Amino acid sequence: MDNSENSSIRTEIKEISDAEFPPDQCPHCGSDNFTRASYYIRIVQDLGQPGIKREIRYESVVWKCNKCKTHFTVHNREVTKGKTYSPGVIQYVIHRVLQKGDSNRRVLDDLKELHNVDISIGTINAWVNDAAKTNELPTDFTSYEPPDDYSGAMSVDGTFRVVKQKKNKTQGKENEPLWLRLTHLPDGRLVAYWRPVKTKKK
Ligand SMILES: [Zn+2]
């Protein structure tokens, strides 16, 4: 517990790790023979309350399938991909600004004074702008025709992306291009994995 900065505020640290929620199988070949390949630690700020600062110490794990050698990660619902704030903080900002009509600056002050979240006005502006833009975009893609060899729905933060192989790209063991693939596990979690691009000769 860190209370050196301000004796009236205590910090609660919640530790979560992808290792606690491993997938059942490799998303590529279905094998259950996989192990940890690497990990990194990210500190994520969560919504606190007066007198209590909350942090999440998140261990992100990259898994490696021992059968097909695919590396993959499983999205953890308690953190937002690539962000150092919990989903709760982001939802709080979006709700206050876009639903309640509060100013970005007022929400920043409340986050600091009432919830002990250190955040910049630039970060809040970016989230609000992103959310405002996303709300204008269509969210129903069911009428879109997928490519012939499409293996499943892929969604990154609400944006659909298709990873294409570059034509005329030289194939080499040293720097084989990788395909990033996204799919969902049976339990609904998003899983990302990447494979070398293999050119099929017919
Ligand atoms: Zn595999």
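A residue is called buried if 20 or more other C-beta atoms lie within 10 Å of its own, and exposed if 12 or fewer do. These terms are applied below to a predicted model.

**Overall organisation**

The chain has 202 residues, of which buried residues make up 17%. Its secondary structure comprises three helices and six strands, arranged along the sequence in the pattern β-β-β-β-α-α-α-β-β. Among contacts between residues at least 6 apart in sequence, 59% link residues that are at least 24 apart.

**Pairing of strands 1 to 4**

Strand 3 (residues 52-65) runs parallel to strand 1 (residues 10-17). Strand 3 is also joined to strand 2 (residues 34-49), in an antiparallel arrangement, and to strand 4 (residues 71-74), again antiparallel. The table sets out these pairings.

| Strands | Direction | Bridges | Example of facing residues |
|---|---|---|---|
| 1 and 3 | parallel | eight | Ile13 and Glu55 |
| 2 and 3 | antiparallel | 13 | Tyr39 and Val61 |
| 3 and 4 | antiparallel | two | Trp63 and Phe72 |

Two of these pairings are hairpins. Strand 2 and strand 3 are separated by two residues, and Gly51 in that turn has a positive phi of about 90°. The hairpin of strand 3 and strand 4 has five residues between the strands, and there Lys69 adopts a positive phi near 70°. As a general point, side chains in a regular strand alternate between the two faces of the sheet.

**Helix 2**

Helix 2 covers residues 104-115 and therefore contains twelve residues; at 1.5 Å a residue these should span 16 Å, and the distance of 15 Å between its end C-alpha atoms agrees with that expectation. The expected figure is 1.5 Å times one less than the number of residues.

Which residues of helix 2 are buried? They are Val107, Leu111 and His115. Viewed down the axis of helix 2, the buried residues fall within an arc of 45°, so they line one face of the helix. The spacing follows a general rule: an α-helix has 3.6 residues a turn, so residues three or four places apart point the same way.

The face of helix 2 turned away from the buried side carries exposed residues, namely Arg105, Arg106, Asp109, Lys112 and Glu113. Just after helix 2, Asn116 has a positive phi of about 55°.

Technical notes
Residues are numbered from 1 along each chain as its sequence is written. This is a predicted model: local features need pLDDT of at least 70, side-chain atom pairs count only at pLDDT 80 or more; totals for chains, interfaces and linings use all residues. Two strands pair if DSSP finds at least two bridges between them. Helices (H or I, at least four residues) and strands (E, at least two) are DSSP runs, numbered from the N terminus. Two residues are in contact if their C-beta atoms, placed from the backbone, lie within 7 Å. The arc is that of the directions from the helix axis to the C-beta atoms.
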